[in-house]
Amino acid sequence: MTTRARGDDAGAAVLEYVGILLAVAALVVVVAGTVGPFRPVVAEAASCAWDTVLGGGGGDCGGTGDDGTDDSRAADLLDRLDDLALYASSGSETADLAQQVRDAVDAGHLDLAESLLDQLALYEDLVGTDPRGQYLSTLFGASDSEFLALREEGTIYVDGGAYNTTYFQLDDPPGGGVVVMDYFIDSGTSGGLLKGDDRDHQDPLRGDVPLDESRMMLVVDLETGRGQVYVTETCTAGIRVCNEPRPNVLDGSIWSNDTGTRPLIPILPNDFDIANQFTFTNVDGGFQLQYDALNGIIPVGSVDGTVSVHVDGDGNLAIGEDDRDNYPSIGTYYYSQPGETQVVEQREQEGVVCGALPVNIC
């Protein structure tokens with residue numbers, strides 16, 4: 001029979017305790033790594049990791065109970081995931097998110113699995129909207145490396161220059177839903193030179209609105225911090241002449257040397273162009289947008305302003321600071337559940353003279 005001194009027991013206990021700490025640290029790193037850009041759930045996942053290693057109850061993680069009810073819930077969650085499998089397998093990031101759901105279910109962390117599954121269901125729902133949902137599949141589905149490459153590409157022209165798009169990343173995403181800001185122009189108040197969109201306020205994703213019936217559309221995923229700017233071409237009224245949108249910059253600069261783009265009425269040589277400026281920064285529970293955007297034809301005059309949005313304590317999106325021009329019309333919408341839209345604001349534009357000039361003469 002092997003005997004061990006009391007001092008040996010103490011040493012073993014210390015080594016066992018150190019081993020537990022190392023296991024917890026490794027598990028937290030793994031969980032945080034697999035969660036990827038879904039940062040708001042990392043803390044919850046790490047808490048579940050501690051709970052798993054130390055052998056505690058399920059808590060908010062939704063641990064498996066003895067009465068079989070959690071087994072039934074786990075099966076229901078996996079059934080929901082199977083219903084989303086087509087979209088979950090179509091993009092690298094969403095496939096990773098689907099795997100996180102499976103891993104959480106296997107570990108008995110059902111609340112975590114459900115929150116991840118809700119996020120995946122929201123993505124599939126928004127991508128499935130027609131006709132604009134197709135433009136969101138890359139935003140939600142690209143892997144981290146693919147999304148970084150898109151950001152580094154800068155302004156990306158699509159459909160022969162009919163619109164462009166630029167991707168960006170919030171450093172500290174607050175979590176919770178997708179925000180869309182929709183900017184469009186009424187021809188009757190556009191000064192008679194440029195063609196407007198000639199529509200009323202509609203849900204930009206669920207309202208059956210073609211992309212070319214918005215001057216700009218800004219999309220921000222509060223869960224991952226990923227965002228996307230769309231700007232469409234400008235056309236003249238009467239005899240239709242169109243020019244592609246100006247390049248977009250996110251660093252505060254004014255000029256862009258974007259090869260192949262140039263105003264229809266040029267004031268600069270070569271490919272230099274006055275750019276659309278967008279700056280996105282974090283605020284508590286949301287983000288702040290500063291913008292200065294021009295049409296693609298006339299090289300002077302712009303619409304600009306600063307606005308902040310945040311998710312309040314009731315889970316609704318709210319407008320904070322706001323000094324935007326009263327031109328063009330602006331709608332802000334919040335998507336936090338599949339099939340649901342929160343209309344945050346629907347601002348009617350004033351005429352271009354009263355709404356967009358830096359000096360109020362009206």
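**Figure 1. Salt bridge between D125 and R206 in the predicted model.** D125 counts as partly exposed, with a relative accessibility of 22%. D125 belongs to helix α6 (residues 110–127), while R206 sits in the loop between β3 (178–184) and β4 (216–221), so the contact ties together parts that are 81 residues apart in sequence.

**Figure 2. Salt bridge between R132 and D182.** The N to O distance in this pair is 3.8 Å. Distant parts of the chain are linked here: R132 is in the loop between α6 and α7 (137–141), D182 is in strand β3, and 50 residues separate them. R132 has a relative accessibility of 0% and counts as buried, because the cut-off for buried is under 20%. D182, at 1%, is buried as well.

**Figure 3. Salt bridge between D197 and R215.** The side chains of D197 and R215 meet at 2.5 Å, N to O. Both residues lie in the loop between β3 and β4, so the pair ties together parts of that loop that are 18 residues apart in sequence. D197 is buried at 6% relative accessibility. R215 has a value of 15% and counts as buried too.

**Figure 4. Network of salt bridges formed by D322, R324, E345 and R347.** In this view the four residues D322, R324, E345 and R347 are linked through salt bridges into a network. Across the whole structure, a search finds twelve salt bridges.

How values were computed. Residues numbered from 1 in each chain as written. Predicted model: local features only at pLDDT ≥ 70, side-chain atom pairs only at ≥ 80, totals over all residues. Heavy atoms only, no water. Helix = DSSP H or I, 4+ residues; strand = E, 2+ residues; numbered from the N terminus. Buried < 20%, exposed > 50% of the residue type's maximum accessible area, 1.4 Å probe, protein only.
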